[in-house]
Amino acid sequence: MPITGRIIEEQKNFFVVDTPSGQVTATTSGGLKKQRTRVCTGDIVEVTIINTAPLRGVITTVGKRSSFIKRPALANCSHLFCICTWREPPLNLETLDRLLFCAQVYELQPCIVFNKIDLNTDKDDREMHKIINSYTAIGYPLFSTSAATHEGIDALVDFCADRISVCAGLSGVGKSTLLSVIFPDVNFRTGPLSSDSTRGIHTTTSIRLLPLRGGGYIADTPGLAFIDLPAVPEEDVVLYFPELAQCIGKCRFNDCIHDNEPGCFVAEKIEEGTIAPWRHNHYLKIRREMAERRKLYR
Ligand SMILES: Nc1nc2c(ncn2[C@@H]2O[C@H](COP(=O)(O)OP(=O)(O)OP(=O)(O)O)[C@@H](O)[C@H]2O)c(=O)[nH]1
Ligand SMILES: [Mg+2]
Ligand SMILES: [Zn+2]
């Protein structure tokens with residue numbers, strides 16, 4: 001009898017499948033290989049057990065995916081945690097907005113985590129909260145955490161129950177450290193920041209799903225993976241900036257791209273302080289990048 005499970009790790013020659021009977025080491029069946037079905041971490045699969053001690057099996061079928069991230073390959077992820085810091089490394093709003101953009105293109109629910117809040121002075125807290133308010137106003141769920149003092153970790157873990165979440169963010173923001181607090185029994189490579197603190201080095205390389213006690217999984221990913229923007233037509237970029245998408249149809253010109261046209265409703269909102277100017281800049285920047293890319297491939 002085949003059993004159903006989820007692939008939680010992909011190794012060179014086998015997969016690790018999390019099943020109700022335990023973790024099974026499995027290879028893919030000849031049939032699947034013939035169909036050229038490439039299975040990956042996150043896939044729901046059926047496994048036929050061929051050995052019980054240790055548990056080994058063969059993956060025979062793969063379930064339909066609700067989402068798929070190409071690099072690193074991850075199926076059925078539901079939430080993307082964009083991890084950032086106010087200090088060490090200093091907050092990079094462009095990285096954050098790019099991550100939020102990517103999450104939405106991949107149809108993942110984006111969430112923002114401000115980690116290392118233990119390093120904040122009172123003044124930092126006040127300034128950070130101004131930024132936080134502009135993101136919560138857009139509707140992004142937001143958490144503040146400290147992997148050092150464990151503040152805010154319980155709320156984050158509760159939110160992850162029964163979901164498949166993935167952490168992304170610049171190197172050094174504390175992704176691995178946060179995970180080591182949530183999963184004290186798992187080994188993560190954590191390291192101090194490299195001397196070039198805004199870029200840092202990758203200390204994490206492979207992706208795996210870590211089962212949460214209350215159901216659901218969290219994945220560890222390499223630091224910059226999601227900065228690789230997925231290609232979308234430039235006119236669609238606005239759709240992934242929710243506060244700009246809300247302005248569609250309200251500008252003087254129907255084809256307004258919100259780049260200095262007269263009677264632009266977005267410009268009014270920026271002037272009024274309800275749309276953050278940096279969000280608008282990042283929208284324009286991504287839009288230009290998408291237009292460039294389209295020219296390149298034409
Ligand atoms: N003070 C403080 N330091 C932290 C916190 N979280 C992580 N750190 C430190 O920040 C450094 C980088 O943390 P990592 O967990 O390695 O960062 P990462 O995001 O996994 O980095 P990459 O794997 O390179 O992408 C380490 O020295 C951690 O000890 C925190 O909440 N507070
Ligand atoms: Mg790491
Ligand atoms: Zn406009």
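Analyst: Between domain 1 and domain 2 there are four residue pairs in polar contact, both residues being at pLDDT 80 or more; a polar contact is a pair of N or O atoms within 3.5 Å, where within protein one must be able to donate a hydrogen and the other to accept it, and residues adjacent in sequence count only if both atoms are side-chain atoms. Strand β1 (residues 3-10) supplies the largest share of the side of domain 1 that touches domain 2, four residues, strands being DSSP runs of E of at least two residues, numbered from the N terminus. That side of domain 1 comprises four nonpolar, three polar and five charged residues; Ala, Val, Leu, Ile, Met, Phe, Trp, Tyr, Cys and Pro count as nonpolar, Asp, Glu, Lys and Arg as charged, and the others, Gly among them, as polar. The number of salt bridges between domain 1 and domain 2 is zero, a salt bridge being a side-chain nitrogen of Lys or Arg within 4 Å of a carboxyl oxygen of Asp or Glu.

This is a predicted model, in which local features need pLDDT of at least 70 and side-chain atom pairs count only at pLDDT 80 or more, whereas totals for chains, interfaces and linings use all residues. Residues are numbered from 1 along each chain as its sequence is written, chains are lettered from A and ligands numbered from 1 in the order in which they are written, and side-chain values use heavy atoms, with hydrogens and water left out.

About 810 Å² is buried between domain 1 and domain 2, with carbon and sulfur atoms giving 54%; buried area is the accessible area (1.4 Å probe) that two parts lose on being put together, summed over both. In domain 1, Arg 6, Ile 8 and Thr 41 lose the most area to domain 2, together 51% of what that side buries.
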